[in-house]
Amino acid sequence: MQHPDRGESVRGLRCKHILTMQEDRPLLEDGMLLLQGNRVADVGPYRELKNDCPGPVEDLGPEILAPGLINAHTHLEFSHLRGRTAQGRGFVDWVLSLLQLPMAEVDEASLEEAVSGLRECGTSCIADVTGHSPEKINRFLQQTEMEYALFKEALGFQPARDIQEIWSPFPDPEEDPRLSLSGHALYSTHPRTLQLCKTWSQGEKRPFSIHLAESPEEVDLITTGKGGLADLLLGTLLPEDYVPPGVSPIPYADQLNLLDQDTLAIHCVQIEDKDIEILRERGTTVCLCPRSNAFINVGVPPWRALRAAGVPLCLGTDSLGSNTDLNLWGELISLLEQSPEAIPLQEAVEMVTVNPARILGRYPELGTLQPGSMASTSLVPREVRHQVT
Ligand SMILES: [Zn+2]
């Protein structure tokens, strides 16, 4: 018990089921959570803790209480683009629609609304990627109560001169552990820039993220230099004399040394067994965004095969430019509906709690309910309960 020597009052939450996500006792029946300030003071069976709470106890009834959710991939900077991009017409049409919109003009009201949506479903932390409005998003996140990792995104085929150029406008990223780097994608960010980002991240022990193997057109472009995305990008973002690496995205990312246990690979829809083996060997975490994939119409990620191989999985909503809302439970429900065979509840919830907390370096303070962890919680919706064992 940690609460008696702190000044703040203790309050209790009683619930029929509590998913603590602790390794030794992940699920409690008729549990009690004691909260003090913004931390968990204790968690255990109600019968053991009922006399330890001097403050009010709220009884949540027959619900399943879980840790606050961690959305492993968003772009808050696109919150003003909801309903304005091409839906269901494939990746190239989606990119074309995005390019016609004012991507760098996100407003405070859209950001506030997006964060309200995140909170409503029990999200306590986001891994956010920003390339167009880094200062605005950083300032905004600093003044919210949302926990976050902010990935500054490198984009463009002019190789970066040095790491300062990539980090600009952030002068001292070393001093804020919440800041990380992201490469936009293999086809849109120069390989030397991607390697600079990854090397810096390794040196600072920070996660690195990249959109990887999202659309069939990305695979065409990387392997053959042809296809719809090549037609769109050659002579604009990519030089006319662009030479494709000639291998598919996962082996190419591996050749560039971008894949290790601190890399978060976003999407991984267009992958085969040999790619999954590479991801497994490197210990890379994959962030699935199934509703964004469906919105754009790029296919379904082979998450059952990733799971069978033991690749750590997270879930992200991606942005409101390719999703209808930022409800992470919606992402999990969509994923579970893609397979007739139910998986255990604890494993499903790991994808939105423990696994993202680990890759962001925030485990067990986030992603679990145990003494000392953050006092953030969520309730498992009925639709999830129907899809799990
Ligand atoms: Zn994204």
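**Close-up 1. Ala265 and the residues it touches.** Setting aside neighbours within four places in sequence, Ala265 is in contact with Ile210, Leu212, Leu279, Thr284, Val286 and Cys287. Here, two residues are in contact if their C-beta atoms, placed from the backbone, lie within 7 Å. Please keep in mind that this is a predicted model: local features need pLDDT of at least 70, side-chain atom pairs count only at pLDDT 80 or more, and totals for chains, interfaces and linings use all residues. Residue numbers start from 1 along each chain as its sequence is written.

**Close-up 2. The largest nonpolar core.** Which residues touch the most other members of this core? Of its 112 residues, they are Leu33, Ala265, Val286, Cys287, Leu315 and Leu332. The core draws at least three residues from each of domain 1 (10–62) and domain 2 (69–363). A nonpolar core is a set of buried Ala, Val, Leu, Ile, Met, Phe, Trp, Tyr and Cys residues joined through C-beta atoms within 7 Å. A residue is buried if 20 or more other C-beta atoms lie within 10 Å of its own, with C-beta atoms placed from the backbone.

**Close-up 3. Tyr148 in its strand.** Find Tyr148 in strand β8, which covers residues 147–154. Is Tyr148 buried or exposed? Tyr148 is buried, because 23 other C-beta atoms lie within 10 Å. Leaving aside neighbours within four places in sequence, Tyr148 is in contact with Cys125, Ile126, Asp128, Leu141 and Arg178. Now look for His184, 36 residues from Tyr148 along the chain: the C-alpha atoms of the two are separated by 19 Å.

Close-up 4. The protein is divided into domain 1 (10–62) and domain 2 (69–363), with bounds from an automatic or database domain assignment. Their contact takes 4 residues from domain 1 and 4 residues from domain 2. On the domain 1 side, the residues touching domain 2 are 4 nonpolar, no polar and no charged. In this count, Ala, Val, Leu, Ile, Met, Phe, Trp, Tyr, Cys and Pro are nonpolar, Asp, Glu, Lys and Arg are charged, and the others, Gly among them, are polar. The centres of domain 1 and domain 2, taken over C-alpha atoms, are 35 Å apart.

**Stepping back. The setting for these views.** The protein has 16 helices and 14 strands; helices (H or I, at least four residues) and strands (E, at least two) are DSSP runs, numbered from the N terminus. Buried residues make up 49% of the 389 residues.

Notes
A residue is buried if 20 or more other C-beta atoms lie within 10 Å of its own, exposed if 12 or fewer, and partly exposed in between; C-beta atoms are placed from the backbone.
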